[in-house]
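Morning, everyone. I'll go through it site by site.

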Amino acid sequence: MKYNVVNRGDEISVRTNNRFHELAAECGLTLDPEHPDIVVSIGGDGTMLHAFHLYADRLDQTSFVGIHTGHLGFYADWKPMELETLIRHMAAGAESFRTVKYPIIEIQIVTGQGMETYLALNECTLKGVEGTLVAELRINDERFEMFRGDGICISTPTGSTGYNRSLNGAILHPSLEAVQIAEMASLNNRVYRSLGSSIVLPKHHHCDIYPKKGQKILLTLDHLNMQLSDLVSIRCMVADRKVSFVRFRPFPFWNRVRESFIGDIVE
Ligand code: NAD
């Protein structure tokens with residue numbers, strides 16, 4: 001079993017990282033940052049996003065697992081005190097765990113320079129740098145609406161509990177192969193009109209967003225961001241590839257949602 005560890009860089013994450021390597025060597029795991037079978041993220045959800053983008057070009061050969069050194073994360077459900085158990089499971093090999101595969105989104109960005117394709121684990125957002133974003137949305141090549149507002153968030157099912165949730169988007173179970181498009185503070189009055197609610201597109205549908213020419217756009221992909229002054233369009237859809245997480249024990253998605261956002265139920 002070949003592995004690598006990505007950590008957040010704070011004191012407790014670095015300490016956990018060092019202990020992980022010690023125990024892994026004792027259990028016969030091989031450190032291989034180039035070709036890991038399993039990538040362990042130590043920190044928070046942001047660390048998992050970082051790990052995902054580091055290994056985005058080998059998602060077919062790599063699975064992820066997260067240890068949280070702060071509060072329970074959506075992608076990080078192991079605690080540092082459980083390190084030995086986790087490593088023992090990893091050393092026991094593929095029979096001791098199962099892999100779950102979740103959909104991600106593909107974003108094709110067309111600028112004056114050409115087209116680039118990216119993947120996102122949580123979401124892609126578009127915002128106007130100097131004020132209102134004005135953009136035409138086309139679904140499956142047909143004009144859908146003219147959006148005016150703060151921005152647009154296109155999320156994966158696992159990302160639906162992140163930024164999307166703050167925009168009142170629905171939480172989608174990650175077994176659904178879909179992308180969700182949520183509005184950020186749309187302008188809706190007698191002159192301007194967009195749908196107002198978020199929409200969910202199935203696999204094999206696509207949405208193109210054409211910002212009005214001449215706008216400076218802030219585009220984010222998970223924790224990454226870029227400013228573009230010559231953005232022509234972005235196309236978003238469910239990617240052909242999926243992200244794999246290793247599960248050494250069950251932690252159903254809805255339990256994760258309840259524990260993260262609701263906590264103990266008071267009778
Ligand atoms: P950050 O340090 O600002 O952390 C954002 C918070 O989002 C953290 O508490 C993290 O645990 C949580 N988070 C991340 N992914 C999540 C998910 N899939 N489900 C539930 N919670 C999740 O930023 P970061 O660590 O670099 O993470 C970037 C992510 O932050 C973005 O992908 C986006 O989802 C989220 N974000 C949310 C808002 C908002 O809710 N208003 C704004 C910006 C970014």
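Start with the ligand: 16 residues surround the ligand, and the closest are Asp45, Asn122, Glu123, Thr161 and Ser166. Near here means that a heavy atom of the residue lies within 4 Å of the molecule.

Before the details, the ground rules. This is a predicted model, where local features need pLDDT of at least 70, side-chain atom pairs count only at pLDDT 80 or more, and totals for chains, interfaces and linings use all residues. Residues are numbered from 1 along each chain as its sequence is written, and side-chain values use heavy atoms, with hydrogens and water left out.

Ser166 puts a side-chain N or O atom 2.5 Å from an oxygen atom of the ligand. Asn122 also uses its side chain: an N or O atom there is 2.9 Å from a ligand nitrogen. Tyr163 uses its backbone, with an N or O atom 3.1 Å from a ligand oxygen.

Next, empty space. Rolling a probe the size of a water molecule over the atoms shows where it is left. The search runs on a 1 Å grid over the protein atoms alone. A cavity is a set of points where a 1.4 Å probe fits but cannot get out; a pocket is an open set with protein on both sides within 12 Å along at least five of seven lines; lining residues have an atom within 4 Å of a point. Grid points are joined across faces, edges and corners, and a volume is the space filled by probe spheres set on the points.

How many cavities of 30 Å³ or more are there? The count is 2. Helices (H or I, at least four residues) and strands (E, at least two) are DSSP runs, numbered from the N terminus.

The second largest cavity has a volume of about 60 Å³. Strand 9 supplies the largest share of its lining, 4 residues. By class, that lining has 7 nonpolar, 1 polar and 2 charged residues. Ala, Val, Leu, Ile, Met, Phe, Trp, Tyr, Cys and Pro count as nonpolar, Asp, Glu, Lys and Arg as charged, and the others, Gly among them, as polar.

The largest pocket holds about 170 Å³ of space. Strand 12 (207–211) and strand 15 each supply at least two of its lining residues. The lining splits into 5 nonpolar, 3 polar and 3 charged.

Last, two buried spots. The cut-offs are under 20% for buried, over 50% for exposed and partly exposed in between, with a 1.4 Å probe and protein chains only. A polar atom of the His68 side chain lies 3.0 Å from the backbone oxygen of Gly70. Beyond four places in sequence, His68 is in contact (heavy atoms within 4.5 Å) with residues including Gly43, Asp77 and Trp78.

Helix 2 (residues 45–54) buries Thr47, Met48, Leu49, Ala51 and Phe52. Among the elements covering these residues are strand 1 (2–7), strand 4 and strand 15.

Comments, please.

Terms used. Polar contact = N/O pair within 3.5 Å; in protein donor to acceptor, adjacent residues only side chain to side chain.
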